Amino acid sequence: MACVAVTWARPESTYTDKWDNINVDEILESNRLLKGYVDCLLGKGRCTPDGKALKETLPDALEHECVKCTGKQKSGADKVIRHLVNKRPDLWRELAVKYDPDNIYQARYKDKIDAVKGSA
C-alpha cells in the first residue's frame, strides 16, 4: 500500500509531450494563429486542444521555472518569449497582466527577458 501512495503522490517528471511537434514558427508568423492562442490564454476566445493544454499548464510552468517542460517545450517557450517581447509587446503586456499581475515572474525572469530583447 505504501508503494501505491508514493507512486500516486510523486509528481509527473515532465508535462505531456503530445504537443511537442507543434510548429511554433508557423504560429508566430501568422497573426491569425498567434492571436487565436493569445485570446485562448486570455479567456477571450475558443481554445484548440493544444491551446487548452497550454492554458492549463502555463501557471505551473511559470511558478516552477518550467522544470517539468520537455526540451522542445523549453525551446519553444524561449522562441515565443523572444518573439512576443521583440515583435508583439502589446500581446506580451496583455499576457503579463493576466498571468503575472503582481510582477512576480517579470522580476524573477528579468535577466532572461532582458537577454532576449533585440534578439528576434
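Me: Among contacts between residues at least 6 apart in sequence, what share join residues at least 24 apart?
Reply: It's 68% in this chain, where contact means heavy atoms within 4.5 Å. Bear in mind that this is a predicted model, with local features needing pLDDT of at least 70, side-chain atom pairs counting only at pLDDT 80 or more, and totals for chains, interfaces and linings using all residues. Residues are numbered from 1 along each chain as its sequence is written, and side-chain values use heavy atoms, with hydrogens and water left out.

Me: ok, and how many helices and strands does the chain have?
Reply: Eight helices and zero strands. Those are DSSP runs numbered from the N terminus, H or I of at least four residues for helices and E of at least two for strands.

Me: How much of the chain is buried?
Reply: Buried residues are 28% of the 120. Buried is under 20% relative accessible area, exposed is over 50%, and partly exposed is in between (1.4 Å probe, protein chains only).

Me: Which residues of helix 6 are buried?
Reply: In helix 6, residues 89-99, they're Leu91, Trp92, Leu95, Ala96 and Tyr99. Their arc around the axis is only 140°, so they sit on the same side of helix 6. That arc is taken from the directions from the helix axis to the C-beta atoms.

Me: What's on the other side of helix 6?
Reply: Arg93 and Val97, both exposed.

Me: And what do the buried ones pack against?
Reply: The buried residues of helix 6 pack against helix 3, helix 4, helix 5 (71-87), helix 7 (104-108) and helix 8 (110-116).

Me: Switching to helix 3 and helix 4: at what angle do they pack?
Reply: About 45° between helix 3 (residues 31-42) and helix 4 (residues 49-63), with the axes 9 Å apart. The axes are lines fitted to C-alpha atoms over the stretch in contact, and angles run from 0 to 180 degrees between N-to-C directions. The pair is therefore oblique; under 35 degrees would be roughly parallel, over 145 roughly antiparallel, 65 to 115 roughly perpendicular, and the rest is oblique.

Me: Which residues make that contact?
Reply: Tyr37, Cys40 and Leu41 from helix 3, with Asp50, Gly51, Lys52, Leu54, Lys55 and Leu58 from helix 4.

Me: Where's Cys47?
Reply: In the loop between helix 3 and helix 4. Cys47 counts as partly exposed because its relative accessibility is 32%.

Me: What does Cys47 touch?
Reply: Leaving out residues up to four places away in sequence, Cys47 touches Cys40, Lys52 and Lys55.
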